[in-house]
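These are my notebook entries on a structure I looked up one element at a time.

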Amino acid sequence: MAEEVDVVVVGSCMTDLVSQTPRLPKAGETIHGHKFFIGFGGKGANQCVQAAHLGAKTAMVCKVGKDFFGSSYIQNFKDNSICTAFVTQTAEAMTGAASIIVNDAGENAIVIVAGANMLLGEEELEQARSVLTKAKVLLCQLEVNSHISLQALRMARQYNVKTIFNPAPAIPDLHPDFYKESDVFCCNESEAELLTGARVASADDAGSAGLELLNRGCAAVIITLGSQGCVVLQTSNPNPKHIPTAKVTPVDTTGAGDSFLGALAFYMAHYPSLPLEEMSRRANLVAAVSVQSVGTQTSYPFKKDLAEELFLKE
Ligand SMILES: Nc1ncnc2c1ncn2[C@@H]1O[C@H](COP(=O)(O)OP(=O)(O)OP(=O)(O)O)[C@@H](O)[C@H]1O
Ligand SMILES: *[C@@H]1O[C@H](CO)[C@@H](O)[C@H](O)[C@H]1NC(C)=O
């Protein structure tokens, strides 16, 4: 089974507990909301689900609690055809949770408790060694212990597995080896800003910030720019290339970045000889579909929902 994996994700799972209310409550106040729902989130899991929806054979390496949310998350992975052989349940912490309150004006207040995600450790990476060293692509973020993300990138790189690193949420003192271990270093504008200290408000700014990140040792850099698409730079072609996306009317952009990353991982695994700019163009178009419906994983398109041109070999 391990040999068959295209995309392996080492990362987070979070249960989103969402209440919709007329306004945000004040300290000590109890208010009534009009709707409650539970969603599956966490950057690692989101990215894995998008890659799986496009047809990649995927495996998730993560930790959830020995609780109702953990068990239902495992079922969610199975429902999305994601291999759960490396998903472990711990009694030491609850499944990661994001308690979200959204008011009618669309403003929100969010509390994230990473819980079991922070207990993903070296032991679990060792158990997953077979996939980490044989997959085509490894995808990591920063919602688990950063030391574990870096360790996963190193393991994969040693075996020529292509690595995509998404420094999200960004931390100011990122270990310099994260750049060196990334075949593709992919972040959004605010993350690029935090990492470089330079303001990123346009495609031109993103080009300059991207060059700075590239010089820190990554093989390629992608900075996503929301409705403006993305900017791509490679050591083989350091001239920043702006790649616009489709003009659409967004309904809910939550998780758009994760849709882009999952799609990118799918393309790197399935069409490795496509130029990175073409993969990014296609990932833009997949993410542009995701912003046109509500929800996070539920908004991620499947192969059957997308234009055939997105699945051509060249
Ligand atoms: N309004 C939009 N119209 C079309 N495409 C969009 C829009 N917003 C996002 N996208 C697509 O999604 C990709 C990622 O978006 P963005 O740069 O906003 O990531 P992000 O900030 O990490 O997203 P989020 O935090 O909302 O998950 C963009 O590169 C683009 O391809
Ligand atoms: C970038 O992603 C972070 C999550 O890592 C998010 O909080 C932030 O709002 C995003 N920035 C932009 C400009 O979309």
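**Entry 1, helix 8.** I asked what covers the buried residues of helix 8, and in this predicted model the cover includes helix 6 (177–180), helix 7 (189–196), strand 10 (184–188), strand 11 (220–224), strand 12 (230–234) and strand 13 (237–243). The buried residues of helix 8 are Ala-203, Ala-206, Gly-207, Ala-209, Gly-210, Leu-213 and Leu-214. I then checked the length of the helix: its 12 residues (203–214) should span 16 Å at 1.5 Å a residue, and because the end C-alpha atoms are 16 Å apart, the two values agree.

I looked next at the loop between strand 11 and strand 12, where Gly-226 is found. Is Gly-226 buried or exposed? Its relative accessibility is 58%, so I noted Gly-226 as exposed. Leaving aside neighbours within four places in sequence, I found Gly-226 in contact with Glu-189 and Thr-245. I also noted the C-alpha to C-alpha distance from Gly-226 to Ala-287, which is 9.4 Å for two residues that stand 61 residues apart in sequence.

I traced an open sheet whose four strands follow the order 3-2-6-7 with mixed pairing. Its edge strands, each of which pairs on one side only, are strand 3 (35–41) and strand 7 (108–113). Direction ignored, neighbouring strands in this sheet are turned against each other by 15 degrees on average. Helix 2 (residues 68–79) packs on the sheet, where it touches strand 2 and strand 3, and its direction makes about 60 degrees with that of strand 3. Within the sheet, strand 2 and strand 6 (residues 97–103) run parallel and are joined by seven bridges. One position I looked up there is Gln-20, which stands opposite Val-102 in strand 6.

An unreviewed UniProt entry carries the annotation "binding site" for a set of residues, among them Met-14, Lys-43, Asn-46, Glu-143 and Asp-258.

Met-14 lies in strand 2 (residues 14–21), and with a relative accessible area of 4% Met-14 is buried. Not counting residues up to four places away in sequence, the residues that Met-14 touches include Gly-42 and Glu-143, as well as Phe-40, Tyr-73, Ile-112 and Asn-117.

Asp-258 is found in helix 9 (residues 256–270), and its relative accessibility of 8% is why I counted Asp-258 as buried. Which residues is Asp-258 in contact with, leaving aside its neighbours within four places in sequence? I listed Lys-43, Asn-46, Gln-47, Gln-50, Asn-166 and Tyr-300, and I noted that the annotation also covers Lys-43 and Asn-46.

Terms used. Residues are numbered from 1 along each chain as its sequence is written. Chains are lettered from A and ligands numbered from 1 in the order in which they are written. This is a predicted model: local features need pLDDT of at least 70, side-chain atom pairs count only at pLDDT 80 or more; totals for chains, interfaces and linings use all residues. Side-chain values use heavy atoms; hydrogens and water are left out. UniProt positions are given in the numbering used here, feature names are shortened, and annotations may be inferred rather than shown by experiment. Helices (H or I, at least four residues) and strands (E, at least two) are DSSP runs, numbered from the N terminus. Buried means under 20% relative accessible area, exposed over 50%, partly exposed in between (1.4 Å probe, protein chains only). Contact means heavy atoms within 4.5 Å. Two strands pair if DSSP finds at least two bridges between them. Axes are lines fitted to C-alpha atoms, for helices over the stretch in contact, and angles run from 0 to 180 degrees between N-to-C directions. The expected span of a helix is 1.5 Å times one less than its number of residues.
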